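This report describes one protein model for a reader who has not seen it before. The sequence and structure come first, and the description follows.

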Amino acid sequence: MTGRLIRESFGALPDGRPVERLRLVGEGGFEAAIITYGAAVQALHVPDRAGAVADVVLGHDTLAPYLAHRRYFGAAIGRYANRIADGTFALDGVTYRVPANEGANALHGGFQGFDRRLWRVEAAEEDPVPRAGLSYVSPDGEEGFPGNLQVRLTYALPAPGTLSIAFEATTDRPTIANLTHHGFFNLAGVAAGGSVLDHHLTLHAEQYLPVDTASIPLDGPAPVDGTPFDFRAGAAIGARIRDPHEQLSLGHGYDHNYCLPGGRAEAPRLAARVEHPGSGRMMELLTDQPGLQFYSGNFLDGAGAGKSGRLHRQSDAFCLEPQGWPDAPNRPDYPGVRLDPGETYRHVSLYRFSTI
């Protein structure tokens, strides 16, 4: 395929450091725009069945709202995506504490996670495909995590209609690592607004993790069979979201980890598919991760404007976050998230768009 990469300014931080936007331009209007603040996907333009192009992810037109409000729109999440109970975990007999930024628990890396950091551009290439390589060094003790963690994140357009997101990380001390992309999607197009409850979701998982009132997993996986959490055969996101199920009540909708079959995989495999009947846009998510957090936008409250001044309210977007399981550092029966010196953490996910 042919493509272009465009580098441009996206403002500056209060201390004067510049923030860049890197636009990966593909075929037929497909384009992903990445900003170096939070390594976030600021825009993702996708054609519909008639060829009309629309931006399908929540975000902001300028840098200031990203700095003013932490909403995770399109951001890279680390060092630990999802939740750690009580903000504590132990490695080799030593207890570490991460700031509790969601009640008693640590969420998405504490108060100053990777989504609040300025990433460095290491590569910006057009040949053989548009590709942006970013890096961040998280120093030993940052937000309570041990070890100097060197992170590399590569965004690329490896095929028509496909966005690849690949993480790698290494450490000089035993630590934990669980990184993800936190995209908020609405396949109708952000400018059109409206709910995602009519989007049709197929999710290839037979089990999920029920949670307590603080969204910490209660125990091991539970079967989706016979519950509103069963999307194996496909269903509208809103088809059962108001069913009288305790887990839907606790989360105000869907905000749960799905346990992907086979655990961590050698290569990305199909985990989920989402279709929007009106536009015909379809997104397939392939990942090598053991879990997929499905979030139905339950706490979007219209408090702040997004792109084009749109106010985003409950269920105006959905998230599918490939990652390790929540609270895994405290659950030896969950897939491991430990990273030791000499090892490399890897995470590859593909967001593949087409039409129906």
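What percentage of the 356 residues in the protein chain do buried residues make up? Buried residues account for 57% of the 356 residues, where buried means under 20% relative accessible area, exposed over 50% and partly exposed in between (1.4 Å probe, protein chains only).

This is a predicted model, in which local features need pLDDT of at least 70 and side-chain atom pairs count only at pLDDT 80 or more, while totals for chains, interfaces and linings use all residues. Residues are numbered from 1 along each chain as its sequence is written, and side-chain values use heavy atoms, with hydrogens and water left out.

**Overall form**

The protein chain contains 2 helices and 29 strands; these are DSSP runs numbered from the N terminus, helices being H or I of at least four residues and strands E of at least two. Its C-alpha trace spans about 55 × 50 × 40 Å along the principal axes.

Among contacts (heavy atoms within 4.5 Å) with a separation of 6 or more, 66% are between residues 24 or more positions apart. The protein chain exposes about 13500 Å², and carbon and sulfur atoms supply 50% of this area, computed by the Shrake-Rupley method with a 1.4 Å probe.

**Charges and salt bridges**

There are 31 positive and 41 negative side chains, with Lys and Arg counted as positive, Asp and Glu as negative, and His and the chain ends not counted. The centres of the two sets lie 4 Å apart, each charge being placed at NZ of Lys, CZ of Arg, CG of Asp or CD of Glu.

A salt bridge is a side-chain nitrogen of Lys or Arg within 4 Å of a carboxyl oxygen of Asp or Glu, and the count comes to 21. The table includes three of them.

| Salt bridge | N to O distance |
|---|---|
| Arg23 and Glu31 | 2.7 Å |
| Arg338 and Asp340 | 3.0 Å |
| Arg83 and Asp255 | 3.6 Å |

Arg83 lies in strand S7 (residues 83–84) and Asp255 in strand S21 (residues 255–259), so this pair ties together parts 172 residues apart in sequence. Both Arg83 and Asp255 are buried.

Arg23 is partly exposed at 21% relative accessibility, whereas Glu31 is buried at 13%. Arg23 and Glu31 also belong to a network of salt bridges that links them with Glu8 and Arg21. Arg338 is partly exposed, with a relative accessible area of 37%.
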